[in-house]
Amino acid sequence: MIPNQRHLFEIPDDVAYFNCSYMAPLQRAVKEAGHMGVSRKSAPWALKPADFFTESDTARALFARLLDATSEDIAILPSVSYGMAVAGANLPIDPGSDIVVLDQQFPSNVYTWCELAAEKDARIITVRRNAGESWTQAVVRNISTTTALVAVGNVHWADGALLDLEGIAQSCRAHKAELVLDLTQSLGALPFSISAVQPAFAVSAGYKWLLGPYGMAFMYVRPDYQAGRPIEHNWIARKDSQDFSGLVHYKDDFQPGACRYDVGERSNFALMPMSIAAMEQLLEWSVPQIHATLSDLTGELAGRAEELGLQVAPPDERAGHILGVRFPRGMPPGISESLAQHRVYVSIRGNAMRISPHLYNSGADVDKLTRVLRDFA
Ligand SMILES: Cc1ncc(COP(=O)(O)O)c(C=O)c1O
């Protein structure tokens, strides 16, 4: 177990912040890295051509370590929707084929597929669970010989319900379907290994469980998709872009690996040092340790919620870092106001209260949240 890390953040004592799924608070060191990054733009004469490359490479390598890939497999993006657009531009989707998504999935992993389905004359299949069925069983039940693509995450974003991606990947392989992952609500807090799943693309926003700034995201691209079509064409992705004086000797070839999909101005001098500092800290803590520590905390909360007659998913169907709590008669009126009044921060998503802690949460935070739950149980 990792001891409490609240001292690394700037969270006031009276704030119980259980909302990492919404927006992670910055660590002091990450904020300082951002200040350093911003001030470099005040002295551009000190920026060297190599600076456009070295930090990007460092960030790629750190992100690759989080999912057990190599740096060449990683592209630097501004958002999940950008990554999905890249995936959509490169996946083979035949007329009459199916694209499988979860019911109430996060829109950035839905809209691209709706557009693509309309363009290619394909069909969206929205997976709903039957009574007693897990998400994994429901997804697998919907994969068939007409499936072109399954686009899901490792957890449902609204309540942390867990998907067995290895099982889903096996079914995809058996039906020659591709798998695209949005790991935004899990990577950095839930152990994941790319080699066990082998998706075509896997994207994660950087500002939640990667504890980084808003506006930076990263994408794994499986090697067989690394020679595909970027959705924009920028100078730095092309061969020999290190040679600034030769940039107008236009090149048809790209730099090696997934970086052909990098967003323009990917060497973001303000945000990149923040992403790097945050991912270094995550790797130092280690994702399995983070997950074990957060599982302990959500396990404690789940036990208390059940004692109060509230509903949570069984331990094998929920991730350890997000707990969805449901009230048997629906979300009680006035609970949002009460949470705000007590400075307890969670999200209400659909009919679930989504509780998403991190290493800054203390026993006192857990007690405070329990008191609000008790008032409305
Ligand atoms: C599962 C998931 N994916 C993606 C995002 C963000 O998407 P984008 O980067 O396109 O804004 C969020 C934000 O809440 C999310 O919960």
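Tutor: Helix H2 (residues 51–67) and helix H8 (residues 272–285) pack with their axes 9 Å apart, at an angle of about 30 degrees. The axes are lines fitted to C-alpha atoms over the stretch in contact, and angles run from 0 to 180 degrees between N-to-C directions. H2 is therefore roughly parallel to H8, a term for angles under 35 degrees. Helices here are DSSP runs (H or I, at least four residues), numbered from the N terminus.

This is a predicted model, in which local features need pLDDT of at least 70 and side-chain atom pairs count only at pLDDT 80 or more, whereas totals for chains, interfaces and linings use all residues. Residues are numbered from 1 along each chain as its sequence is written.

The crossing of H2 and H8 is left-handed, that is, the near helix is turned anticlockwise from the far one by less than a right angle. On the H2 side, the contact includes Glu-55, Ala-59, Leu-62 and Leu-66; on the H8 side, Ile-276, Met-279 and Leu-283 are among the residues met. Contact requires C-beta atoms, placed from the backbone, within 7 Å. Ten residues of this contact are nonpolar, three polar and three charged. Ala, Val, Leu, Ile, Met, Phe, Trp, Tyr, Cys and Pro count as nonpolar, Asp, Glu, Lys and Arg as charged, and the others, Gly among them, as polar.

For the wider setting, the domain assignment, which is automatic or from a database, gives domain 1 (6–27 + 287–376) and domain 2 (31–284). In domain 1, 23 residues are in contact with 23 residues of domain 2. Helix H9 supplies five residues of the domain 1 side, the largest share.

How values were computed. Two residues are in contact if their C-beta atoms, placed from the backbone, lie within 7 Å. Helices (H or I, at least four residues) and strands (E, at least two) are DSSP runs, numbered from the N terminus. Angles under 35 degrees count as roughly parallel, over 145 as roughly antiparallel, 65 to 115 as roughly perpendicular and the rest as oblique.
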